[in-house]
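Subject: Structure for you, with notes

Hello,

Here is the structure I promised. Please open it first, then read the notes below.

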Amino acid sequence: MSQGFSVYVGNAPFQTTEQQIGDYFSNVGQVTNVRIVYDRETGRPRGFAFVEFSDEAGAQRAVNELNGADFNGRQLRVNLANNK
């Protein structure tokens, strides 16, 4: 079970990598993990990811500062993820 603080990242560009997302989100906090969600049938990215931060403050900053931000031509949707 992860102890991190996760945010949901929606509307991510399909051609982006976990490394690029991690680099972008590291501007607001210490990123510990990035996971792009792939379609089970096609193996293609589904356009969203989860970014995990080492602390709650980083996750909250990501929501406050990066929700609606332009990332490679797409407007990101960033929300706190429910890890329950």
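Is Asn11 buried, partly exposed or exposed? Asn11 is partly exposed, because its relative accessible area is 22%. Here buried means under 20% relative accessible area, exposed means over 50%, and partly exposed is in between (1.4 Å probe, protein chains only).

Some ground rules. This is a predicted model, in which local features need pLDDT of at least 70 and side-chain atom pairs count only at pLDDT 80 or more, while totals for chains, interfaces and linings use all residues. Residues are numbered from 1 along each chain as its sequence is written, and side-chain values use heavy atoms, with hydrogens and water left out.

**Overall**

The protein has 2 helices and 6 strands. Read from the N terminus, the order is β-α-β-β-α-β-β-β. Helices (H or I, at least four residues) and strands (E, at least two) are DSSP runs, numbered from the N terminus.

The radius of gyration is 12 Å, which agrees with the value near 12 Å for a compact globule of 84 residues. That radius is taken over C-alpha atoms, and the globule rule is 2.2 Å times the number of residues to the power 0.38. The C-alpha trace spans about 35 × 30 × 20 Å along its principal axes.

Of the 84 residues, 38% count as buried. The protein exposes about 5,300 Å², and carbon and sulfur atoms supply 42% of that area. Areas come from the Shrake-Rupley method with a 1.4 Å probe; for residues, only the protein chains shown count as cover.

Take the contacts between residues at least 6 apart in sequence: 62% of them join residues at least 24 apart. Contact means heavy atoms within 4.5 Å.

On charge, there are 8 positive and 9 negative side chains, and the centres of the two sets lie 8 Å apart. Lys and Arg count as positive, Asp and Glu as negative; His and the chain ends are not counted. Each charge is placed at NZ of Lys, CZ of Arg, CG of Asp or CD of Glu.

**Val9 and Gly47**

Val9 is in strand β1. Val9 counts as buried because its relative accessible area is 1%. Beyond residues up to four places away in sequence, Val9 touches Phe25, Gly47, Phe48, Ala49, Val51, Leu76 and Arg77.

Gly47 sits in strand β3 (residues 45–53). Gly47 is buried too, at 10% relative accessible area. From Gly47 to Ala69, 22 residues along the chain, the C-alpha separation is 15 Å.

Thr16 lies in the loop between β1 (5–10) and α1 (18–25). Thr16 is buried, since its relative accessible area is 8%. The side chains of Thr16 and Gln20 make a polar contact of 3.0 Å. A polar contact is a pair of N or O atoms within 3.5 Å; within protein, one must be able to donate a hydrogen and the other to accept it, and residues adjacent in sequence count only if both atoms are side-chain atoms. Setting aside neighbours within four places in sequence, Thr16 contacts Ile21, Ile36, Phe71 and Asn72.

**Two positive phi values**

Asn11 is in the loop between β1 and α1. Its phi is near 65°, a positive value in a residue other than glycine. Asn72 also has a positive phi, near 50°. Most residues other than glycine have a negative phi. Asn72 is in the loop between β4 (70–71) and β5 (74–75). Asn72 is partly exposed, with a relative accessible area of 46%.

Gly22 is in helix α1. Gly22 counts as buried because its relative accessible area is 10%. Leaving out neighbours within four places in sequence, Gly22 contacts Val31 and Val34. The C-alpha atoms of Gly22 and Thr32, 10 residues apart along the chain, are 8.5 Å apart.

Thr32 belongs to strand β2 (residues 31–38). Thr32 is partly exposed, at 44% relative accessible area. Apart from neighbours within four places in sequence, Thr32 contacts Glu52, Phe53 and Ser54. Thr32 and Arg44 are 12 residues apart along the chain, and their C-alpha atoms are separated by 23 Å.

Best wishes
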